[in-house]
Amino acid sequence: MGPRRIVCLTEEPTETLYALGEQDRIVGISGFTVRPPQARREKPKVSAFTSARIEAILALAPDLAIGFSDIQADIAAELVRRGVEVWIANHRSVEGILDYVRRLGALVGAGARAQAYADALRRGLDAVEARAARLPARPKVYFEEWDEPLITGIQWVAELVRIAGGEDVFPELSGEPLARARILADGAAVVARAPDIVLGSWCGKKFRPEQVAARPGWDAIPAVRDGELHEIKSPLILQPGPAALTDGVAAIERIIQAWSQRRTRP
């Protein structure tokens, strides 16, 4: 039932299909895929995020290609012109990720397993939220998706920060689906919000706390003063799939819980 030869243009469909035991349907993956590790060993890499090897994809004779967001619109359009069926998902929230898991499962005839998997992911988030409810204080958190220009976190990231016990300092921007709408004019906006914690995930390049701390005026930020500048690896948090709801939120939770313990230590 459903497509038998799937090309995954991003990581989240690959991770989800492996989790559902449907990895044999995958014939090609994104070169940025790191989860699960065996996917890199088992599947040919045929795309990046903004580009793809169209001829290599066609040679795999896919009956479906799965991608994400407007950023892959050109890839999708070319594949459609070449006769490939394409699903471009556009989910941006925690609930959207859970629904994505259910929809992808249904697409490959694994609806019951996908529902059970989504339910397990939700229970994990509920447990994180329950632990966060016991925190004596909630830190203000600035999540930085890119440094030049400064780009704040997308909706599912802001929601995971809240679930883990923090408060996103740019809630009015997190709902903006496009990165260009989350660009800050300058660093003064962050200084004014005075975050207790800075989380950096620079979309594939290494986060540099020392560079952040050296920005003009940022020595006044509590997070800089207290050394609360932390990296979360991009594959854990910037992919709108299971990784963000498991290892991603766990990484945020560890940082927030440690911050709380340091604050309450006599």
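One caution to begin with. The model is predicted.

Let's start with the sheet. Five strands make an open sheet, in the order S3-S2-S1-S4-S5. The pairing is parallel. Which strands sit at the edges? Strand S3, residues 45–47, and strand S5, residues 86–89. Each of these pairs on one side only. From one strand to the next, the twist averages 25°.

Now look at one pair inside that order. Strand S1 covers residues 6–8, and strand S4 covers residues 64–68. The two run parallel, and three bridges join them. Take Cys8 as an example. Its bridge partner in S4 is Ile66.

Stay with S4 for a moment. The loop between S4 and helix H4, residues 73–81, holds Ser69. Check the backbone there. Ser69 has a positive phi, near 75°, and it is not a glycine.

Next, the helices. H1 packs against helix H5, residues 94–107. At what angle do H1 and H5 pack? About 65°, with the axes 10 Å apart. The crossing of H1 past H5 is right-handed. Here are the residues in contact. From H1 we have Glu12, Pro13, Thr16 and Leu17. From H5 we have Tyr100, Val101 and Leu104. By class, that contact has five nonpolar residues, one polar and one charged.

On to the largest pocket. How much space lies in it? About 790 Å³. The lining has 31 residues. Closest to the pocket centre are Phe49, Ile71, Glu145, Cys203 and Leu238. Which elements give two or more residues to the lining? Helix H1, residues 11–19, is one of them.

Last topic: cis peptide bonds. Let me show you two. A cis bond joins Arg35 and Pro36, with omega about -15°. Where is Pro36? In the loop between strand S2, residues 26–30, and helix H2, residues 37–42. Another cis bond joins Glu148 and Pro149, and here omega is about 0°. Pro149 is in the loop between S6 and strand S7, residues 150–152.

Over to you for questions.

Methods
Residues numbered from 1 in each chain as written. Predicted model: local features only at pLDDT ≥ 70, side-chain atom pairs only at ≥ 80, totals over all residues. Heavy atoms only, no water. 1 Å grid on protein atoms, 1.4 Å probe; cavity = no way out; pocket = protein on both sides within 12 Å on 5 of 7 lines; lining within 4 Å. Points joined across faces, edges and corners; volume = space filled by probe spheres on them. Helix = DSSP H or I, 4+ residues; strand = E, 2+ residues; numbered from the N terminus. Pairing = 2+ DSSP bridges. Axes fitted to C-alpha atoms, helices over the stretch in contact; angles between N-to-C directions. Left-handed = near helix turned anticlockwise from the far one by under 90°. Contact = heavy atoms within 4.5 Å. Nonpolar A, V, L, I, M, F, W, Y, C, P; charged D, E, K, R; others polar.
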